[in-house]
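Here is a short briefing to read alongside the sequence and the model. Points are grouped by topic.

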Amino acid sequence: MPLSTRRAFVSSNGLRPTTTTAMASALPRCTSVRLPAAVATVTVLLLMSVTTVQSSQGDKEPVYRDCVKQCVRTNCTGARLRGFQSGQPRYMALTGWTCRDDCRYQCMWTTVGLYQAEGYRVPQFHGKWPFARFLCFEEPASALASLLNGLACLLMLLRYRSMVPRQSPMYHTINAFSLVSLNAWFWSTVFHTRDTYLTEKMDYFCATAVLLYSIYLCCVRTLGLRRPGVSSMVGVLLILLFTSHVSYLTFVRFDYGYNMAANASIGMVNLLWWLCWCWQNRRTLPYWWKCGLVVLLLHGLALLELLDFPPMLWVLDAHAVWHLSTIPVHFLFYSFLIDDSLYLLNTEKMGVKVE
């Protein structure tokens, strides 16, 4: 894209921050040998799709940077800044949208318009595709999908509590897992509503916490009921791993590639552990297939992230599709947890050895 064309476009457009979505609407916007190999292939594909995100093509463009500088200098000081603040809707102010943020949002669409006019592919900005803002929601589809996942998790937790007595051996562990999951979906919703330094870190860290706790859940179910000391030691190890992970990303370097590699490795351990247990109990537990299908679905659906296409209608991207696709999985997973918890309770009453 010729630099002279870009500069001419910026200089000919007077940009003023708005507190609505006008800019967005104005522009178009242990099994067989094959299983470990398949899982490894999925993991490698996910890792190959990750790059360290410091900046993106769109926010490196001179047209974008010059546009932001001009907009901030013209509109984000003195009387114009006071006018912006007084006219800004309360929900925008409460979610932290500033005059500079609004300039960046408008200039993003200015740059997208130039790219499209000259036939270039839509670029990313600050590691993300351009999304049409709805009210205060930066990524409306992903925020809605995260909220629906959280609601599905909450609904099934309430169902679990109503159907499973507290005396069931896995009752408290599953309740704790559900609370960790609800916390993660809450922060995912917040992050997709408003992307800030804090909300991004909370989204990433809470997602890792769910993965680690899922390993603990698996450990308690497969080993801990007969050997409580083993699950306790694994729990301590997982806490240390989580602390080290968060400390490195917070105080040393926030490395997106490392974070994805760590989460993919944790997920692979979780997947293989659960599948081995399912295979070993396929003849004794009639509901074993629910667990196997859930872990396969969760890891298979993660491949949707590889699509990484510009958002359709400037709203629906691959990440949102991934989140939407995981909503039904909660119902199947908790169906397994209910069946298994009731089975454990009955076998404990009968004095039968737990498998």
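**Briefing: helices, patches and salt bridges**

Arg65 sits in helix H5. The model it belongs to is predicted. The protein has 16 helices and 0 strands. Of its 355 residues, 46% count as buried.

- Arg65 counts as partly exposed because its relative accessibility is 43%, between the limits of 20% and 50%.
- Tyr64 is also placed in helix H5, but Tyr64 counts as buried, at 5% relative accessibility.
- Tyr64 and Phe125 are 61 residues apart along the chain, with 9.6 Å between their C-alpha atoms.

**Annotated transmembrane regions**

- An unreviewed UniProt entry lists residues 141–158, 170–190, 202–223, 230–250, 256–275, 287–307 and 327–345 under "transmembrane region".
- Residues 170–190 are 95% helix and 0% strand in the model, and the end C-alpha atoms of this span lie 30 Å apart.
- Residues 230–250 are 100% helix and 0% strand, again with 30 Å between the end C-alpha atoms.

- Leu144, Leu147, Leu148, Leu151, Leu154, Leu158 and Leu324 make up a nonpolar surface patch.
- Together these leucines have about 570 Å² of accessible area.
- Helix H9, residues 140–163, gives the most to the patch, with 6 residues.
- Leu148 belongs to helix H9 and counts as partly exposed, at 33% relative accessibility.

**Salt bridges**

- The structure holds 10 salt bridges.
- In one of them, the side chains of Arg194 and Asp101 meet at 2.5 Å, N to O.
- This pair links distant parts of the chain, 93 residues apart: Arg194 is in the loop between helix H10 (171–193) and helix H11 (197–224), and Asp101 is in helix H8 (residues 99–117).
- Both Arg194 and Asp101 are buried.
- Lys128 forms a salt bridge with Asp195, and their closest N and O atoms are 3.2 Å apart.
- Lys128 is in the loop between H8 and H9 and Asp195 in the loop between H10 and H11, so this pair ties together parts 67 residues apart in sequence.
- Lys128 counts as buried, at 16% relative accessibility, whereas Asp195 counts as partly exposed, at 23%.
- Both pairs belong to a network of salt bridges that links Asp101, Lys128, Glu138, Glu139, Arg194 and Asp195.
- Asp340 and Arg221 also meet in a salt bridge, at 2.5 Å, N to O.
- Asp340 lies in helix H16 (residues 327–350) and Arg221 in helix H11, 119 residues apart.
- Asp340 and Arg221 are both buried.

- Most residues other than glycine have a negative phi.
- Leu313 is not a glycine, yet has a positive phi of about 55°.
- Trp314 is not a glycine either, and its phi is positive too, about 60°.
- Leu313 is in the loop between helix H14 (288–301) and helix H15 (318–325), and Trp314 is placed in the loop between H14 and H15.
- Leu313 counts as exposed because its relative accessibility is 73%, over the 50% limit.
- Trp314 counts as buried because its relative accessibility is 3%, under the 20% limit.

Note on methods: Residues are numbered from 1 along each chain as its sequence is written. This is a predicted model: local features need pLDDT of at least 70, side-chain atom pairs count only at pLDDT 80 or more; totals for chains, interfaces and linings use all residues. Side-chain values use heavy atoms; hydrogens and water are left out. Helices (H or I, at least four residues) and strands (E, at least two) are DSSP runs, numbered from the N terminus. Buried means under 20% relative accessible area, exposed over 50%, partly exposed in between (1.4 Å probe, protein chains only). UniProt positions are given in the numbering used here, feature names are shortened, and annotations may be inferred rather than shown by experiment. Patches are made of residues with over 30% relative accessible area and no salt bridge: like charges are joined within 9 Å, nonpolar side chains (Val, Leu, Ile, Met, Phe, Trp, Tyr) within 5 Å. Accessible areas come from the Shrake-Rupley method with a 1.4 Å probe; for residues, only the protein chains shown count as cover. A salt bridge is a side-chain nitrogen of Lys or Arg within 4 Å of a carboxyl oxygen of Asp or Glu.
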